[in-house]
Amino acid sequence: MLQLRKISVLLSSLLLSYAAHAGKLAIVIDDVGYRPAEENKVLQMPQAISVAVLPNAPHAHEMATKAHQSGHEVLIHLPMAPLSQQPLEKDTLTPEMSSEEVARIMRNAVNNVPYAVGLNNHMGSRMTSSLPGMQKVMQALNHYNLYFLDSMTIANSQAVPAAQGTQVEVLKRRVFLDDSQDVNAIRQQFSRAVKLAQRDGYAIAIGHPHPNTVRVLQQMLPTLPAEITLVRPSQLLNEPLHNGTRTPVKPVSPTKPVSPRFQPPGLCKPKRPLTPVPATHALEVVGESVSQSPMFKQVKSLF
Ligand SMILES: [Zn+2]
């Protein structure tokens with residue numbers, strides 16, 4: 001009897017260590033609304049792949065509607081001012097704008113991108129690092145039932161503190177899939193997102209409708225490990241450790257200014273080094289404490 005109990009404890013701890021490698025992966029494709037040919041390929045991918053639509057893009061309304069009708073989650077990809085000189089989308093938010101102006105732009109964006117359940121920033125290193133600027137964004141967002149996915153285009157984004165006192169829930173991007181559009185680099189980033197999801201329980205990756213990104217996703221999505229579940233970002237809002245306010249995010253290096261050449265249709269952010277990741281995870285901690293417990297050691301000695 002005692003033996004059985006010990007074996008059951010051992011099995012529980014083994015399950016616990018397996019659970020630490022299961023994870024949820026959310027993938028969002030940004031900058032949608034300019035390239036229907038590539039974007040339609042994204043809409044043929046699993047429904048959990050989500051799209052973020054630029055509200056003033058020529059195909060914004062059409063692509064948001066198509067995405068929703070084909071079962072994909074839709075986000076508004078709201079242009080926000082970068083630190084570097086770049087061609088800007090119409091109605092790009094700046095910290096200097098009045099609350100009324102921010103509210104007007106938000107209202108237009110909601111009208112132009114039907115079915116959106118969330119919003120993330122296009123570029124935005126200057127805007128998201130401004131607490132007063134982001135407070136205006138969160139106040140405006142508070143009138144809609146939209147979550148905010150921080151694209152994390154700068155380390156000191158103020159999205160989380162700015163959301164305090166509002167109902168807006170904040171999520172954070174962990175991996176950019178295609179900072180480099182080289183196929184091997186995109187593959188590596190995809191694998192990195194999977195590993196983060198396994199290690200930390202979840203990860204959010206952002207990519208763009210570049211032909212190589214589409215190709216890599218088409219190739220790699222069917223090869224996802226069985227314990228990885230593709231989810232929509234909204235499915236991560238209730239994750240106990242990942243609601244944005246309690247997720248520790250280590251700073252990344254400051255963004256490098258990029259040359260002000262034309263890059264249609266909008267580059268989300270300048271290139272920069274990968275984000276280091278906190279090495280803590282609740283399940284891993286529990287698993288570790290179980291493996292160090294006298295009972296675990298005693299059970300282990302039976303085998
Ligand atoms: Zn973008």
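The side chains of Thr213 and Asp178 are joined by a polar contact of 2.7 Å; a polar contact is a pair of N or O atoms within 3.5 Å, where within protein one must be able to donate a hydrogen and the other to accept it, and residues adjacent in sequence count only if both atoms are side-chain atoms. This is a predicted model, in which local features need pLDDT of at least 70 and side-chain atom pairs count only at pLDDT 80 or more, while totals for chains, interfaces and linings use all residues. Residues are numbered from 1 along each chain as its sequence is written, and side-chain values use heavy atoms, with hydrogens and water left out.

Thr213 lies in helix 9 and is buried, with a relative accessible area of 1% (buried means under 20%, exposed over 50%, partly exposed in between, with a 1.4 Å probe and protein chains only). Leaving aside residues up to four places away in sequence, Thr213 touches Asp178, Ile186 and His208, a contact being heavy atoms within 4.5 Å.

| Helix pair | Axis distance | Crossing angle |
|---|---|---|
| Helix 8 (residues 183–200) and helix 9 (residues 211–220) | within 9 Å | roughly 50° |
| Helix 4 (residues 99–112) and helix 6 (residues 131–141) | 9 Å | about 50° |

Axes are lines fitted to C-alpha atoms, for helices over the stretch in contact, and angles run from 0 to 180 degrees between N-to-C directions. Helix 4 is therefore oblique to helix 6, as angles under 35 degrees count as roughly parallel, over 145 as roughly antiparallel, 65 to 115 as roughly perpendicular and the rest as oblique. The crossing of helix 4 and helix 6 is right-handed, meaning that the near helix is turned clockwise from the far one by less than a right angle. Helix 4 contributes Ser99, Val102, Ala103 and Met106 to this contact, and helix 6 contributes Lys136, Val137, Ala140 and Leu141.

Helix 8 and helix 9 are likewise oblique to each other. Their contact involves Val183, Ile186, Arg187, Phe190 and Ser191 of helix 8, with Asn212, Thr213, Val216, Leu217, Gln219 and Met220 on helix 9.

In the protein chain as a whole there are eleven helices and nine strands, taken as DSSP runs numbered from the N terminus (helices H or I, at least four residues; strands E, at least two). Buried residues make up 51% of the 303 residues.
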